[in-house]
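The following dialogue shows how several features of a protein model may be read. Please keep the sequence and the structure in view.

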Amino acid sequence: MIAHIKSPKRSHSETDSQVRATVEGILGEVERRGDAAVRDYSEKFDGWSPNEWRLSDDAIAKAVGELSHGQIDDIRFAQKQVRNFAQIQRDSMLDVEVETYPGVILGHKHIPIDAVGCYVPGGKYPLLASAHMSVITAKVAGVRRVVATAPPYEGAPHPAIVAAMHFAGADEILVLGGTQAVAAMAIGTESIAPVDMLVGPGNAYVAEAKRQLFGRVGIDLFAGPTETLVIADDSVDAELCAVDLLGQAEHGPTSPSILLTNSRELAEATILEVERQLAILPTGPVASVSWADYGQVILCDTIDEMIQTANELAFEHVQVMTQDPELFLARLTNFGAMFLGPRTNVAFGDKVIGTNHTLPTNKAARYTGGLWVGKFLKTCTFQRILTDEASAEIGAYGSRLAHLEHFVGHGEQANIRVRRYGSQPDLPWYEPVAAGA
């Protein structure tokens, strides 16, 4: 039996019409007026209208110079972990070329996307980790041109974000935020050449801009508020569960955090512990809203019920703190990233451990994983026929199958190969090759 010890007060709805209309208007203006529109919106929303959005080498060096050696070392450590795992992923993706039938060669190549725009949020929180996750992964994939952008922070480029973009290998660094930044990168302006793909998290307006631009450019994911599911049993305590729930609830007032457990004692203790921690958590004013409106505590009788519920939720982050966490790794199918055991947690994945933190939300984990090196690669197939015999034999099958679909032009593409490379030089036009011929 599955019971809700704490239920949410609200549920997420589709993007409201005001957001959609605002974004549509900004995209249209950027397309019509280019840099002028970008400048107007940047001034309106961020109070930011410098002569040049793109940072010069001197400006980048100045930003890096504002950080301590310790801060730089920390950024470089995190980036080393991200780069290492991205390279391991890239090395696992092999080009293929194989003779699948006598005289027939088929294959595929992994080709990097040519230009990518990486959005790094920097409004409420300067999320420099998003630079690691997007820029480094794109560069390991072999993307030739990576444009990275973040909004100004308190009226200036944020030094840590700029440093993270620079160390990650960004080819161009912009100080530009919001829908206007996404529009400038995707559509292009007089000063910003367009990209082929947009990646990175952002607020509701950035997410909606990516949705409206999808098709014109590629995107990584349709992202919503961050989600955390803590799966726990009586092998851990309420303090640990509460910390891991609130650590993600602080993202924003619409970020759901859920405890899924088979221990009533833990469920009830965690609710009390959450309230205790909210009273002392510096980001409590934000986390308390998300916990009150979207937080849940779900009690199950069995492991099977816990697995069923977790798969139905299909959450972005799934933290498993049970006696046998490997069981959940083996049986869960819908999740963005999983964190196994009490020694790890979502924050490690968000900031430093090396896996990517751009992950599916809103149940998208049912059909996709998160951002990884493969997202920046196009897997493109090719074929080659080596012998006359193979061309004629494949052509005969192709002719009959094309005519079965009433595609006589396709059939003739096959027929002409049968005439030239086979033993039927007098094969009539626009007729299928006879079986056994």
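This is a predicted model: local features need pLDDT of at least 70, side-chain atom pairs count only at pLDDT 80 or more; totals for chains, interfaces and linings use all residues.

Q: How is the packing of two helices described, and at what angle do H5 and H6 cross?
A: Two packed helices are described by the angle between their axes and the distance between the axes. Axes are lines fitted to C-alpha atoms, for helices over the stretch in contact, and angles run from 0 to 180 degrees between N-to-C directions. Helices (H or I, at least four residues) and strands (E, at least two) are DSSP runs, numbered from the N terminus. Here the axes of H5 (residues 129–141) and H6 (residues 159–168) cross at roughly 15° and come within 9 Å. H5 is therefore roughly parallel to H6; angles under 35 degrees count as roughly parallel, over 145 as roughly antiparallel, 65 to 115 as roughly perpendicular and the rest as oblique.

Q: Which residues of H5 and H6 make the contact?
A: Contact means heavy atoms within 4.5 Å. From H5 come Ala131, His132, Val135, Ile136 and Lys139, and from H6 come Ala164, Met165 and Ala168. By class, this contact of H5 with H6 has six nonpolar residues, one polar and one charged. Ala, Val, Leu, Ile, Met, Phe, Trp, Tyr, Cys and Pro count as nonpolar, Asp, Glu, Lys and Arg as charged, and the others, Gly among them, as polar.

Q: Is the crossing of H3 and H6 left-handed or right-handed?
A: A crossing is left-handed if the near helix is turned anticlockwise from the far one by less than a right angle, and right-handed if clockwise. The crossing of H3 and H6 is left-handed, whereas that of H5 and H6 is right-handed. H3 (residues 57–65) packs with H6 at an angle of about 120°, and their axes are 8 Å apart. In this contact Ile60, Ala63 and Val64 of H3 meet Pro159, Val162, Ala163, His166 and Phe167 of H6. The contact of H3 with H6 holds seven nonpolar residues, one polar and no charged residues.

Q: Which residues does UniProt list for "active site"?
A: UniProt positions are given in the numbering used here, feature names are shortened, and annotations may be inferred rather than shown by experiment. The unreviewed UniProt entry lists Glu316 and His317 under "active site". Glu316 is in the loop between helix H12 (303–313) and strand E12 (317–321), while His317 is in strand E12.

Q: Are Glu316 and His317 buried or exposed?
A: Buried means under 20% relative accessible area, exposed over 50%, and partly exposed in between (1.4 Å probe, protein chains only). Glu316 counts as buried because its relative accessibility is 6%; His317 is also buried, with a relative accessible area of 1%. Leaving aside residues up to four places away in sequence, His317 touches residues including Gln248 and Asp350.

Q: Where does UniProt place the feature "binding site"?
A: The unreviewed UniProt entry places this feature at Gln248, His251, Asp350 and His410. These residues span 163 residues in sequence and their farthest two C-alpha atoms are 55.6 Å apart, so they do not all gather at one spot. Asp350 is found in helix H14 (residues 346–351) and is buried, at 8% relative accessibility. Beyond its neighbours up to four places away in sequence, Asp350 touches Ala129, Met133, Gln248, His251, His317 and His357.

Definitions and conventions
Residues are numbered from 1 along each chain as its sequence is written. Side-chain values use heavy atoms; hydrogens and water are left out.
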